[in-house]
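Thanks for coming. I have one model to go through today, so please look at the screen.

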Amino acid sequence: MEIFLGFKKYFLISTINLTLNQINPVKLFLTLIFFILFFTEMSVAQPSPIISSFQDYSKSIKTNDKNTLVDLKKSIPNVVLDLKYGTSNNFTKINLYKKVSTTYLRKDAAFALLNVNNELKSLGFSLKIFDAYRPYSVTKLMWNLVHDERYVANPTNGSGHNRGIAVDLTIIDIQTNKELNMGTGFDNFTDSAHHSFTKNLSPQIIKNRTLLKATMEKFGFKSLETEWWHYSFQSKEAYDVMDINFKKLAKKIR
Ligand SMILES: [Zn+2]
């Protein structure tokens, strides 16, 4: 993105120069490219509305209390957070969230996830969360890197993560704190991460995936065929896409 903006700046400067100097084919070509890039970006459809200020978010809560974002660290006691996009240890190799110490879901989804964790606790397990709420601008950045709707949401519609109702997670053993073997790691963009992929997977791996899926579904989450770690809370609410960064949320949501 930075590089892209750099190019844009360059093309913009070349456009200005063009008006000052006499027309030459190279400059004309660069100017043409600039306008193509500019209008391509302008024409990308976006969901509407996008809640991008805390003021708009506060208004949305007043209209409907269900819009409230809940801090998962506080609402799910002892939940383990391993927020991959807040580190460079993710498929983009970029820390997309900068500084992040917790994550969020809308209150109904957060409460459902608490129930999932309580159920797993009774079996000696707990949840480990890789990602939940994701600012819309981060989804756009991911889309620029991976143009594949099986793995990254198309920004045209906004995603469950952008709406604060989707979560990426796994199960850990409370005794050892180790993740159960799910056959692949998080963000493994191959067929072996699919729910329907069973060949070459041990019975224990299938059992582990089934435990996660069955418990999540019991409390109202829906799985995604291509990612064993991704679940989306099913609700009749029409949650808006949000684009407020974690730094701002951490300051305001206490
Ligand atoms: Zn996800």
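Predicted model: local features only at pLDDT ≥ 70, side-chain atom pairs only at ≥ 80, totals over all residues.

Residues are numbered from 1 along each chain as its sequence is written.

The protein has eight helices and nine strands. Helices (H or I, at least four residues) and strands (E, at least two) are DSSP runs, numbered from the N terminus. Of its 254 residues, 31% count as buried. Buried is taken as 20 or more other C-beta atoms within 10 Å of the residue's own, exposed as 12 or fewer, and partly exposed as in between, with C-beta atoms placed from the backbone. Among contacts between residues at least 6 apart in sequence, 69% join residues at least 24 apart; a contact needs C-beta atoms, placed from the backbone, within 7 Å.

Five strands form an open sheet with mixed pairing, in the order 3-5-6-8-7; two strands pair if DSSP finds at least two bridges between them. Strand 3 (80-81) and strand 7 are at the edges with a single partner strand each, so one side of each has no neighbour in the sheet.

How covered is strand 8 (residues 227-233)? Mostly: five of its seven residues are buried. Strand 8 pairs with strand 6 (residues 166-173) in the antiparallel sense over three bridges, and Asp-168 stands opposite His-230. Strand 7 (residues 221-224) is also antiparallel to strand 8, joined by four bridges, with Ser-223 partnered by Tyr-231. Strands 7 and 8 form a hairpin with two residues between them.

Helix 5 (residues 107-121) lies across strand 5 (125-131), strand 6, strand 7 and strand 8, and runs at about 145 degrees to strand 5. For that angle, axes are lines fitted to C-alpha atoms, for helices over the stretch in contact, and angles run from 0 to 180 degrees between N-to-C directions.

Last, helix 6 (residues 136-145). Which of its residues are buried? They are Tyr-136, Val-138, Thr-139 and Met-142. Seen down the helix axis, these buried residues fall within an arc of 155 degrees, so they line one face of helix 6. The arc is that of the directions from the helix axis to the C-beta atoms. The buried residues of helix 6 pack against strand 1 (50-51) and strand 9 (241-242).

How values were computed:
Contact = placed C-beta atoms within 7 Å.
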